[in-house]
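Take a look at the model first, then work through each solution.

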Amino acid sequence: MAIRQLSETLINQIAAGEVIERPASAAKELIENALDAGATRIEIATAGGGKALLRVSDNGSGMDATDLELAVRRHCTSKISETLEDIRTLGFRGEALPSIGSVARLSIASRRRDSTGGHEIAVTGGKIAHMRPAAANPGTIVEVRDLFFATPARLKFLKTEKAEAGAITEIVKRMAIAFPAVRFVLSGSDRTTLEFPATGDDHLARMAQVLGKEFRDNAIALDAVREEISLTGFAGVPTFNRGNSAHQYAFVNGRPVQDKLILSAIRGAYAETIPSGRYPVAVLSITLDPALVDVNVHPAKSDVRFRDPGLVRGLIVGAIREALARDGSRAATTGASDMLRSFRPGFQPNTQRPQGGWSAETSPSRPFQPTTGFGERPQASFDGLSMPTARAEPQLSPQPAAPEPNARYPLGAARAQIHANYIVAQTEDGLVIVDQHAAHERLVFEAMRKALHSKRLASQVLLIPEIIDIPEEDCDRLMQHAAELSELGLAIERFGPGAIAVRETPAMLGEVDAHGLIRQLADEIAEWDTASGLSAKLEYVAATMACHSSVRSGRRLRPEEMNALLREMEVTPGSGQCNHGRPTYIELKLSDIERLFGRS
C-alpha cells in the first residue's frame, strides 16, 4: 500500500479530535486566547449547549489583517518562538482555531486598539474564505456555529444540550477563579445569565462568587514554599465538604488543570478527616519555574507533568495539613444552618380529647415533666454552674471559682449533658453541642498519631524472613526508602537482584500479608516516589483502636470531665471532626437562636 500525504483539511480534522472534544473544549480554547490577548472583559454566549452557537467576545489587543489570516492556519502562534521550556501563556500550540474551523462554521472579527477599522475572516469545514473589512470594536469576536457539522459521527458522542451547557459553565468558573481581575459574563438561550464581576486582587471574593458565600467563612488560607515551588490558595475546613470532587480547583502558573497527582494529594491531605464518599472544597494555585513543568503532555493542556512530582505532592499535603492543624478544628458554618432547618418553631398541643375523661397525666395542659436529662436529679450536679465557667477542675464550693483573667474558651463552659452523649456548652456568643464519643475518639487518635511519628514503631521479627520476588527496578525503589520504612517497623533487605527479604513487620498491623504490602508499596513509590501507604495503614489501625478506646455513648460525665474534654479539644488539631470525618460539634450563635424565636 502506497504512502501518501494527507490533505490539510483532514489533518486539521484529526487534530480537532484531540483538541476539540466537545463544545466546552472549544470554549476553553477561545477564552484562553482572549486572556492571552490581555482582555479584562470576556462575554460568552451559547445556544444548543454550544453545539448550535458559541460566541466569545473580548476587549483584548485584537488582530490586524495579517495576524487574522495566519490565526486560522495550523501551527501559527504569537506565544512561543523556538522552545517549549519557558511557556508563560495559556495557549501556544496554534491548533485551536484551525481545528475548530475544520469541523464547524467559524468566523472571527477583530480590530486592534490603534486601528480605525477591523477585519473579518470565515472558515467553513476547513475552507478559508477571503478576508473582508468589518465594523468592530477594539478586541475580538469569535463565533462558532454548527460545531461538528463536518464530522457528523462526533455529534453522536456528545451529551444532551443541558449537559454540554453545564460543561461550558464549569470551564467559565475555572477561568473566573484563575483570573479574578477579569469580568466574565455567560449568557444564551439555553441558560440563565451568569456574571462574575471583576474583583481585582481579591481572590477570595472571586472564589465566593463561584463557590458560594459560605466558602469565605469556611476557608483556610494556604501559603507555603518548598525549594522553588510556591503554593497559595484556600482549603475548606473538613466539615465543609461536598458529595463530589467538582469543587476542587487547581491551577499551575495560572493554568486551570485537572491533574491526578494534585487531586490525589488533596485526598491524602484530608485523610481521616472527611467521611467516606465526601470530598473537600479547595482552590490551589501552584507557581514554579516553567522549565520545571511540562504543559505539553496532551493537546487539551489539562494535564501537566512535574519534573519532581514527589516534591509537589509533599508540598500540597504538608501545606493543607499544617493549615488544618492551625485552623481546621472549627465547625463549618453550614452546620448551624442545617441545625436551624431541623427545628420546627412553635408548640403544637394535642387537641384530641383523651379517652376515658380528663386526667392530670394525659391533659395537654399538664406541666412539662421531662423523662431524662433535664429533671432535678440528673441536673443536680450542675447546681454549682449557675454562672458559666469553663474551668476543668472539680468545683469544691457551691459557688464556682472565678475564671482565669483574660481566659478565652472557644468551646465555652459545659452546662448540661443530654441523652448521655451530647454535651451542651455555653460560649460567649452562643452555644455548642458536642458529640462526646466522636470528640474523644479524635483526641485519642491524635495522641496515638503523635506517638507514631515521635519514635520508631514497635515491630515483630519474623521467625523465617519472607522472600518476595519483584522486578529489579522495584527493588531499587524500595531500598531507597528502606530507612523510612524501618522507622515504621518494616525491616527489609535486598535478596539478590530481583527479590526483597522482609525480616520485621509493624506490630500494630498484627498478621501481615507481606507479599501484598511490599507490592503495594513498590507500586506507590513508582507512581508518586513516596512510601506513605504504610503510614496510612498504621494510622488506619490507630483510628480503629481510638474508636474502641474512647468515651462511649451512654456514659454520664461529671461537669469537670466535660470541661476537661472541651479544653483538650481546643488545643488538639483536627478536633472538629472524628476519625470517620463526622463533625464532633455544632456551634449555634446567639443570633441564630434569636432568629428561631423571631427576636431578630
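**Exercise 1.** Find which strands helix 13 lies across, and its angle to strand 21.

*Solution.* Start with helix 13 (residues 436-454), which lies across strand 19, strand 20 and strand 21. Next, take the angle: helix 13 runs at about 75° to strand 21. Angles run from 0 to 180 degrees between N-to-C directions, with axes fitted to C-alpha atoms. Helices (H or I, at least four residues) and strands (E, at least two) are DSSP runs, numbered from the N terminus. This is a predicted model, in which local features need pLDDT of at least 70. Residues are numbered from 1 along each chain.

**Exercise 2.** Work out the strand order of the open sheet and which strands stand at its edges.

*Solution.* First, the four strands follow the order 19-20-21-25, with antiparallel pairing; strands pair if DSSP finds at least two bridges between them. Then look at the edges: strand 19 (413-418) and strand 25 (585-589) each have a single partner strand, so one side of each lacks a neighbour in the sheet.

**Exercise 3.** Describe how helix 6 packs against helix 7.

*Solution.* Begin with the geometry: helix 6 (residues 161-178) and helix 7 (residues 203-211) pack at about 165°, their axes 9 Å apart. That makes helix 6 roughly antiparallel to helix 7 (over 145 degrees). Finally, list the contact (heavy atoms within 4.5 Å): Lys173, Ala176 and Ile177 of helix 6 meet His203, Arg206, Met207 and Val210 of helix 7.

Key:
Predicted model: local features only at pLDDT ≥ 70, side-chain atom pairs only at ≥ 80, totals over all residues. Heavy atoms only, no water. Parallel < 35°, antiparallel > 145°, perpendicular 65-115°, else oblique.
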